[in-house]
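I opened this entry to record what I looked up in the structure. My notes follow in the order I made them.

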Amino acid sequence: MTGGALFGINNRRAAYVALIVLTLMWGSNWLAMKFALMHAHPVLFNVQRTWLAVATLFAVMAWQRRIAWPTAWWPIVVTGFFQVTVNFGSTTMALASGGAGRTSVLVFTMPFWTMLIAWAVLHERVQGIRWFAVAFALFGLVFVIEPWRWEGDLEAKLWAVLSGLGWAAGSVATKYYQRRYRLDTLSFLGWQMLVGVLPLTPLPWLMGLPSAQWDAAFAVTLVWTASISTAVGFLMWNAILRILPAGTASLNTFAIPVIALVSSMIVFGERLTPSEWLGIGFIGAGLAILTVQALADSRSERERASR
């Protein structure tokens, strides 16, 4: 059973609906991570949530009696390295280096890396009105990040960019291998995360990090970020990539930092600058263009199916 079958993602319209749900899930996840990092070092928390996500995926496989050795290891090793080792690891190193806050938004350079890599590897092209969406989203991201106001350690910013690059490479690799192999999404993701987390696992010990400060709230947050946002979220992401071009799907992730910033303002009382509000407006315009294009694509798909 593929991830698409698990979530009913079997056409472009369903993929776009799933992408909206996933964007809301991952946008709110930044709040959960911000709370969790009050109780645990970023590197330790990353290892804990990834291992719990692995346990969740393998528990589902065991329940469905689908645990089996992969028929092809190369796709798992490649995607696990980029999607988990590089992406997850670099995100937490950015936070550990003092990169909490807006520096983390640099992770969302991912859509631009995705379009570049997808152009070279998958021969995907950004065409027509989508170029306007790219332009609006790019301007919006610049205004949200406000690079002219940055102060502090360059290292954290480089780690955040590397995280976006890893996420993009992992997404394109997933799309590439989906075309070449008949991949069971659940099994593929479970083994991918298991292989990817192994190089990260000894880091808390090597860095001499303290144990997490456990309480009920931290436990609930860990379960949400691991089992729901990471395990279920990446199952949905892989299912979406089966239907949509990698570049198109990645453009919608521009909404994630917007959701994270606005929800932080509501929950934690943070204040957005006029530049950030302007950036959110640009990103919103880009997403509106993509929505119009998605509706047009769905209408065309239905018309072709009815002939």
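I count a polar contact as a pair of N or O atoms within 3.5 Å; within protein, one must be able to donate a hydrogen and the other to accept it, and residues adjacent in sequence count only if both atoms are side-chain atoms. The model is predicted: local features need pLDDT of at least 70, side-chain atom pairs count only at pLDDT 80 or more, and totals for chains, interfaces and linings use all residues. Numbering runs from 1 along each chain as its sequence is written, and side-chain values use heavy atoms, with hydrogens and water left out.

**Entry: S90**

I began with the side chain of S90. A polar atom there lies 2.7 Å from the backbone oxygen of V86. S90 sits in helix α4; I take helices (H or I, at least four residues) and strands (E, at least two) as DSSP runs, numbered from the N terminus. Is S90 buried or exposed? S90 has a relative accessible area of 2%, so S90 is buried. My cut-offs are under 20% relative accessible area for buried, over 50% for exposed, and partly exposed in between (1.4 Å probe, protein chains only). Leaving aside neighbours within four places in sequence, S90 is in contact (heavy atoms within 4.5 Å) with T85, W159, L162 and S163.

**Entry: whole chain**

I counted 13 helices and zero strands in the protein chain. Of its 307 residues, 53% are buried. Among contacts with a separation of 6 or more, 90% join residues 24 or more positions apart. The accessible surface comes to about 14100 Å², and carbon and sulfur atoms hold 68% of that surface. Areas come from the Shrake-Rupley method with a 1.4 Å probe; for residues, only the protein chains shown count as cover.

**Entry: cores**

I define a nonpolar core as a set of buried Ala, Val, Leu, Ile, Met, Phe, Trp, Tyr and Cys residues joined through side-chain atoms within 4.5 Å. Which residues touch the most other members of the largest core? They are W26, W167, M193, F234, W237 and I240, out of 50 residues. Elements giving two or more residues to this core include α2 (12–36), α7 (154–180) and α10 (216–243). The largest share, eight residues, comes from α10. F234 touches W26, Q83, N87, F88, W167, L189, M193 and S229, not counting residues up to four places away in sequence. Apart from this core lies another, of 16 residues, among them M115, V134, L141 and I280.

**Entry: surface patch**

I then checked the outside. W69, W73, W74 and V77 form a nonpolar surface patch, with about 510 Å² of accessible area together. Patches are made of residues with over 30% relative accessible area and no salt bridge: like charges are joined within 9 Å, nonpolar side chains (Val, Leu, Ile, Met, Phe, Trp, Tyr) within 5 Å. W74, in helix α4, counts as exposed because its relative accessibility is 58%.

**Entry: salt bridge**

How many salt bridges does the structure hold? It holds one, by the rule of a side-chain nitrogen of Lys or Arg within 4 Å of a carboxyl oxygen of Asp or Glu. R66 pairs with D184, the closest N and O atoms being 2.6 Å apart. R66 is in the loop between α3 and α4, D184 in the loop between α7 and α8, 118 residues apart. R66 counts as buried at 19%, and D184 is partly exposed at 25%.

**Entry: R65**

R65 is not a glycine, yet its phi is positive, about 55°. Most residues other than glycine have a negative phi. R65 is exposed, with a relative accessible area of 80%.
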